[in-house]
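Open the model in your viewer and keep the selection tool at hand. This tour moves from whole domains to single side chains.

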Amino acid sequence: MREGICIVGGKLQGMEAAYLAGKAGYEVMLIDKAPEPPAAALADEFYRMDVLKDLEATKTAFRRAAAVLPALEDEAALATIVRASRKAGVPCMHDEGAFLKTSRKDAFSELCRVWGLPQPARYPMAKFPMIVKPVVGSGSRGVALVRNRAEMQNAVGEDSSKWMIQECVNGIFLSLELLGMNGEAMPFQVTCLEFDETYGCKRVLAPSGIGDGIRDRIEEIGDKLVKGLDLKGVTDLQVALRSDNSSLDVIEANARLPSQTPTVVFHSAGENLVALLADIFINSRLPKINKHQEKGVIYQHLLFGDGTVRVAAEHNIAHATGLRIETNFHGADEAITNLPQEGSAKGYVATLIIVDSDLSRAKIRMEEATESLCEHYKVFRNEERSPFGMTRVYDKIEKR
Ligand SMILES: Nc1ncnc2c1ncn2[C@@H]1O[C@H](COP(=O)(O)OP(=O)(O)O)[C@@H](O)[C@H]1O
Ligand SMILES: [Mg+2]
């Protein structure tokens with residue numbers, strides 16, 4: 001029998017976990033309290049239960065797996081999962097201490113200061129325009145641009161202590177995933193992120209085209225982060241590279257499996273983050289990553305409306321039901337979608353993954369795939385919007 005990985009949480013992080021665990025050849029077990037979480041489609045076995053209420057059943061499921069992978073951010077649920085896996089004698093691929101150090105944006109910013117990591121200036125030192133974001137939260141919920149004092153007050157109200165308020169950085173947004181163990185860091189590939197006007201991530205691209213010097217600087221920041229967190233497991237690190245290439249700023253880090261970027265790294269550089277994470281916890285070794293030739297990968301979400309389609313942020317698929325994986329879908333190498341074969345596409349979603357020799361070719365095929373979907377479902381493509389000041393990386397890819 002194949003070894004199993006038991007994932008807890010079936011939304012975006014859970015989809016990522018299930019997708020990569022499946023690609024690594026693991027039997028994919030999924031636990032969620034919801035009846036039809038999006039990741040269920042990518043799992044071999046689905047157990048509908050609440051880890052906080054069904055503790056015995058949870059432990060029974062854990063015992064059947066080689067490792068447990070939490071894919072949620074609720075602190076009470078995480079603590080229960082860690083305890084239940086300890087009792088079941090199964091490794092849990094989560095670093096509670098590191099996770100807690102990254103989960104509050106104000107406390108993490110203070111750690112960055114102590115560790116000497118560059119970050120955007122904070123209110124009241126920062127100048128307008130600024131970004132406001134809830135101190136606790138993720139997935140870009142509540143993130144907004146404020147251009148003056150009135151807008152700031154409108155966004156945060158009287159009590160600014162619940163908000164992280166910082167300078168709005170113009171430029172390219174990049175992500176780096178790292179594994180850590182015993183003070184050593186292992187960086188993956190740097191990917192490039194694009195957002196919609198609400199700051200939700202709508203597209204991920206690789207390679208990022210940043211050049212070796214900047215990559216080295218990002219990896220250096222990642223190394224300090226892993227050491228500061230004393231990480232055992234995985235963290236992501238998001239940095240902004242200013243438009244004039246002058247400096248890098250840490251936007252955030254989360255010591256847990258992220259969504260989207262690992263799949264892109266898997267297709268571009270050939271590294272499976274979930275398989276290598278399992279190495280740390282099951283085999284107690286920090287894997288070595290060989291730098292491969294990077295393929296061009298574009299990963300983007302499409303949301304279908306009434307006669308329209310647009311490239312939309314990932315949170316739009318967090319509630320999708322009936323997802324399936326398709327290969328060679330309207331010319332995309334892979335798609336995760338719930339689109340019906342025929343008829344109206346309204347309310348359905350498709351995440352398209354295109355892999356080619358370089359980004360230029362990948363873009364041509366992404367445009368063709370989107371065009372093919374427009375024709376098939378008789379929809380128009382809405383113009384994309386981006387946040388103020390962010391470099392539109394996809395638009396700049398030259399068609400050769
Ligand atoms: N200082 C900033 N300047 C410009 N954009 C920012 C800044 N901080 C955050 N953003 C944008 O908002 C998004 C969400 O912010 P982030 O700190 O990653 O919070 P979350 O935990 O919600 O993901 C980022 O991915 C980025 O697009
Ligand atoms: Mg973020």
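How far apart do the C-alpha centres of domain 2 and domain 3 lie? They lie 24 Å apart.

**Before you select.** This is a predicted model, in which local features need pLDDT of at least 70, side-chain atom pairs count only at pLDDT 80 or more, and totals for chains, interfaces and linings use all residues. Residues are numbered from 1 along each chain as its sequence is written, chains are lettered from A and ligands numbered from 1 in the order in which they are written, and side-chain values use heavy atoms, with hydrogens and water left out.

**Stop 1: the domains.** Colour domain 1 (4-94), domain 2 (99-120 + 169-400) and domain 3 (121-167). The bounds come from an automatic or database domain assignment.

**Stop 2: the sheet.** Select strands E5 (130-134), E6 (144-146) and E7 (163-167). Strands here are DSSP runs of E, at least two residues long, numbered from the N terminus. They form an open sheet in the order E6-E5-E7, with antiparallel pairing. E6 and E7 stand at the edges with a single partner strand each, so one side of each has no neighbour in the sheet. Two strands pair if DSSP finds at least two bridges between them. E5 and E7 share 5 bridges, and 3 bridges join E5 to E6.

Stop 3: Pick Met130. Its bridge partner in E7 is Glu167, and Val146 stands opposite Met130 in E6. Step to Ile131, whose bridge partner in E7 is Gln166. Now show the side chains of E5. Met130, Val132 and Pro134 point one way, Ile131 and Lys133 the other.

**Stop 4: the interface.** Show domain 2 and domain 3 together. 14 residues of domain 2 are in contact with 17 of domain 3, where contact means heavy atoms within 4.5 Å. The two domains bury about 1400 Å² between them, 51% of it on carbon and sulfur atoms. Buried area is the accessible area (1.4 Å probe) lost on putting two parts together, summed over both. Select Lys105, Pro120 and Tyr199: they supply 46% of the area that domain 2 buries against domain 3.

Conventions: Helix = DSSP H or I, 4+ residues; strand = E, 2+ residues; numbered from the N terminus. Buried < 20%, exposed > 50% of the residue type's maximum accessible area, 1.4 Å probe, protein only.
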